[in-house]
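Me: Got a model open here and I'd like to talk through it. Can you help me out?

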Amino acid sequence: MEQNKTEESQHRHHHHHHKHRKPEAKSSFSLMLNIAIWLNVAYVAVALVTGFRAESLGLISDAALTLANVLVIAVALFIHRTSARRDNPRKAYAYRYRSIYTRLASILVMLMAAGALACESLRRMNLPIELDESLPLPNGRLMLYVALAGVALHALTAIFLTHERKHNSVAGTPTAFWLSTAVSAVTALAGVIVMKVQDNLFDNVAALFASVLMVIESVTILYPVLRFAMGGSTDKVNRDYVSTVFKTHANVRGFGHMRILAVNNDEMALTAHIALFHREREAETRQELRQELQKLGIQHVTLEVSDEHSKSDKESEE
């Protein structure tokens, strides 16, 4: 028990030191991410108000997709702020793991919005001619101006996240905002067509396009999130390579009960039981194994030394 506590303490100290190497960079990233969130929240408000005022389903769809994507970078900021908090025996990895459920909530919002917008746009497209002509014509000029602002904002946000993705694993995915950029561009084009043709068909097409993209985006991120939420298993790390780390270490006699799981989308954890030839070299062996496993992308390592595993256990893993 004391050995496990010592290992956990050493691991937390190492992880804490790693997280605070560049506090000024993390502070700058957090500030920029906050700015990106609030600018996009402001755009959601403007697009919603303008969408209802301009009778534009396309602008409302743009606002809905942007709101769902704001939740994505809000999750990124949540992870960034809580990743430095220390876990404790009662809440191991709890702060990071909660981000998975927040992602599920954002997916649910996106799917609900996509379904509602798709149904409304299809309903309007299938209206009889006399009823369709009774609908107010969208204000193409307002659609164009607001959507162009959306193109610029979403593109800048996507570029920022693309750049930060190289340095911060919590930067979230820029793909969501590239999709928002595409929706805003289509809405702006629909505004131009509405002004020229005086027909609301293209506004409905823009809304349908946005709803389709929301469904595609939700499906692409739902599978890995569900895997994490339902057990944390992962295939991002090759188990054979991990086994080789134990098999090739000179002081490891055997190992078993190895489990690799995902703490969140970017962090991996491993638990295993090991048997040693020389117990007096336990601390050194733990450190060497941890360093090798970190090279494979496993940031959190918990090893329990046991005498139950023999050389035959090591051979059975082969």
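Predicted model: local features only at pLDDT ≥ 70, side-chain atom pairs only at ≥ 80, totals over all residues.

Me: Ok, where does Asn204 sit?
Reply: Asn204 is in helix H8, which covers residues 201-229.

Me: Buried or exposed?
Reply: Asn204 counts as buried, because its relative accessibility is 2% and the cut-off for buried is under 20%.

Me: And what does Asn204 touch?
Reply: Leaving out residues up to four places away in sequence, Asn204 touches Leu57, Ser121, Arg124 and Met125.

Me: Switching topic: what's in the largest nonpolar core?
Reply: That core has 19 residues, and Val242, Phe246 and Ile274 are among those with the most contacts inside it. Helices H9 (239-247) and H10 (282-295) each give two or more residues, and so do strands S1 (252-262), S2 (268-276) and S3 (300-305).

Me: Which element gives the largest share?
Reply: S2, with five residues.

Me: What's around Ile274?
Reply: Beyond residues up to four places away in sequence, Ile274 touches Phe246, Gly254, Phe255, Leu289, Leu303, Glu304, Val305 and Ser306. There's also a second, separate core of 14 residues, including Ile60 and Met110.

Me: Now the backbone. What's the phi of Glu55?
Reply: Positive, about 55°, although Glu55 is not a glycine. Glu55 lies in the loop between helix H2 (23-53) and helix H3 (57-82), and at 37% relative accessibility it counts as partly exposed.

Me: And Gln198, what's its phi?
Reply: Gln198 has a positive phi too, near 60°. Gln198 is in the loop between helix H7 (175-197) and H8, and is exposed at 52% relative accessible area.

Key: Residues numbered from 1 in each chain as written. Heavy atoms only, no water. Core = buried A, V, L, I, M, F, W, Y, C linked by side-chain atoms within 4.5 Å. Buried < 20%, exposed > 50% of the residue type's maximum accessible area, 1.4 Å probe, protein only. Helix = DSSP H or I, 4+ residues; strand = E, 2+ residues; numbered from the N terminus. Contact = heavy atoms within 4.5 Å.
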